[in-house]
Amino acid sequence: MLVTMGVPKLVLYIMKYIVTGGAGFIGSHITDALISQGHQVAVIDDLSSGKKDRFNPKAEFHQLDIVDLAAIDPIFQGVDGVFHVAAKARIQPSFKDPDAYFRTNVIGTRNVLMAAKQHGVKRVIYSASSSAYGPVDQLPLQEDFKVPSQSLHPYGSTKRMGEMLMRDLGKVTGGPETVCLRYFNVYGPRQTNTADGAYATVVGIFLDFLKEGKPLTIVPSGHQRRDFTWVGDVANANLLAMNSLKVGSGEIINIGGGKNYSIWDVAKLILQVPLGTAPEELLASSKCVLAPERMGEVAETLADVSTAKKLLDWEPKVNFADGIKSLL
Ligand SMILES: NC(=O)c1ccc[n+]([C@@H]2O[C@H](COP(=O)([O-])OP(=O)(O)OC[C@H]3O[C@@H](n4cnc5c(N)ncnc54)[C@H](O)[C@@H]3O)[C@@H](O)[C@H]2O)c1
């Protein structure tokens, strides 16, 4: 739809978008960004981990499971683009119920692409994951690295299968244009926290523990390093990917902060102690305690974000220390 705003030069294209998973952490920020630009948004979310109070009330809401193609199909009528964010989105629970991960992350993704093709949707942006890289020796991680033939966990396998579907059911076979954005540890307002149980992520857990006066739990050794990405930067990457003329053929693009921090560093930033503080000091003062090791963890992630700059004109805007400070 084309709307002119009084002044002849100010022309606004109002698009209709679907955000799957729009009641979740990242999907709700993408929805907010689209609504703030004046677009129409339909959210499809089964509320399995999302929350009704997270999604923007100006969006149309459909509480549906993406595994049910017949139910979601009519919503794609007249839609210009889809942000496919819905997924079972954490590593540890995927060891307990791999089939649920397969159904949502693979069959559900296939359904989104089938419905998009059926209704002539122009482009689908896929929320992919840095877990696709698995344990590779070389850093920073670049999109054209050869990745191990097997993932470290069912979650990673299903997210990789999603990327393959974006290509195979995309433009090359008459489907929509597609783009895969590989996010690196996303954090920010509305992130999952201790109330989300096994779905919680490290920054959300640490902030809750700080508030409750509990010691921060460091999964040994705490020296594993992660690249953290501000959720607003991730939402912005999605909007740019929807509009960039340089993509659409299933490209895989890293979306990361471009710097990495150890889990000890995260704890120190949240506890507001100098980064030079020795971990032993934090353990001795009971500000931190060690927690049991977990399966499926890689030693280090760090994104090379030059492809995002080249294809989307995107770069991370919020550095990790500032982002954490804003959440305290
Ligand atoms: N958070 C991160 O650090 C991170 C990193 C890399 C990739 N990702 C990807 O980003 C996406 C969003 O992650 P998030 O952190 O916002 O997780 P989230 O759990 O907050 O959001 C996922 C949303 O999808 C919905 N959903 C799940 N299964 C569904 C189904 N079958 N049908 C309809 N809706 C369903 C949930 O209710 C939830 O609202 C996921 O695809 C995830 O794999 C996240």
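## What covers helix 8

Let's begin inside the protein, in a model that is predicted. The buried residues of helix 8 are covered by several elements, including helix 6 (202–212), strand 10 (216–218), strand 14 (260–262), helix 9, strand 15 and helix 11 (320–327). How many of the residues of helix 8 are buried? The count is 8 of 9, so this helix is mostly covered. The buried ones are Ile-263, Trp-264, Asp-265, Val-266, Ala-267, Lys-268, Leu-269 and Ile-270.

Gln-272 is not a glycine, even though its phi is positive. You can find Gln-272 in the loop between helix 8 (263–271) and helix 9 (279–284). Is Gln-272 buried or exposed? Exposed, because 10 C-beta neighbours lie inside 10 Å, and a residue with 12 or fewer counts as exposed.

## The protein as a whole

The protein has 11 helices and 15 strands. Its C-alpha trace spans about 60 × 50 × 35 Å along the principal axes. A compact globule of 328 residues would have a radius of gyration near 20 Å, and the protein has 20 Å, so the two agree.

Of the 328 residues, 47% count as buried. Among contacts with a separation of 6 or more, 76% are between residues 24 or more positions apart.

In soluble globular proteins, nonpolar side chains tend to be buried together. Here, the largest nonpolar core has 84 residues, and those with the most contacts inside it are Val-82, Val-124, Leu-181, Val-266 and Ala-267. Helix 7 provides the largest share of this core, 7 residues. Two of the residues named for their contacts, Val-266 and Ala-267, are also among the buried residues of helix 8.

Which residues does Val-124 touch? Setting aside residues up to four places away in sequence, Val-124 touches Val-82, His-84, Val-112, Leu-113, Ala-116, Met-166, Pro-176 and Thr-178.

Helix 7 covers residues 231–243, which makes 13 residues. At 1.5 Å a residue, helix 7 should span 18 Å, and its end C-alpha atoms are 19 Å apart, which agrees.

Helix 7 is largely enclosed by the rest of the structure, because 10 of its 13 residues are buried. These are Val-231, Asp-233, Val-234, Ala-235, Asn-236, Ala-237, Asn-238, Leu-239, Ala-241 and Met-242.

## Around the ligand

How many residues surround the ligand? There are 32, and the closest are Gly-21, Gly-24, Phe-25, Gly-50 and Ala-87. By class, this shell has 14 nonpolar, 13 polar and 5 charged residues.

Helix 1 (25–36), helix 4 (98–118) and strand 7 (123–129) each supply at least two residues of the shell. Helix 1 gives the largest share, 3 residues.

## Loops worth a look

A cis peptide bond joins Leu-139 and Pro-140, with omega about -5°. Pro-140 sits in the loop between strand 7 and helix 5 (154–168). Ser-286 is not a glycine, yet has a positive phi of about 60°. The loop that holds Ser-286 runs between helix 9 and strand 15 (288–290). Ser-286 is exposed, because 9 other C-beta atoms lie within 10 Å, and 12 or fewer is the cut-off for exposed.

Gly-38 lies in the loop between helix 1 and strand 4 (40–44), and is exposed, with 12 other C-beta atoms within 10 Å. Between Gly-38 and Met-15 there are 8.3 Å in space, C-alpha to C-alpha, and they are 23 residues apart in sequence. Gly-296 is in the loop between strand 15 and helix 10 (306–312). With 17 C-beta neighbours inside 10 Å, Gly-296 counts as partly exposed. Gly-296 and Gln-272 are 24 residues apart along the chain, and their C-alpha atoms are separated by 29 Å. Leaving out neighbours within four places in sequence, Gly-296 is in contact with Ile-91, Leu-152 and His-153.

Note on methods:
Residues numbered from 1 in each chain as written. Predicted model: local features only at pLDDT ≥ 70, side-chain atom pairs only at ≥ 80, totals over all residues. Helix = DSSP H or I, 4+ residues; strand = E, 2+ residues; numbered from the N terminus. Expected span 1.5 Å × (residues − 1). Buried ≥ 20, exposed ≤ 12 C-beta atoms within 10 Å, placed from the backbone. Near = placed C-beta within 6 Å. Nonpolar A, V, L, I, M, F, W, Y, C, P; charged D, E, K, R; others polar. Rg over C-alpha atoms; globule rule 2.2 N^0.38 Å. Contact = placed C-beta atoms within 7 Å. Core = buried A, V, L, I, M, F, W, Y, C linked by C-beta atoms within 7 Å.
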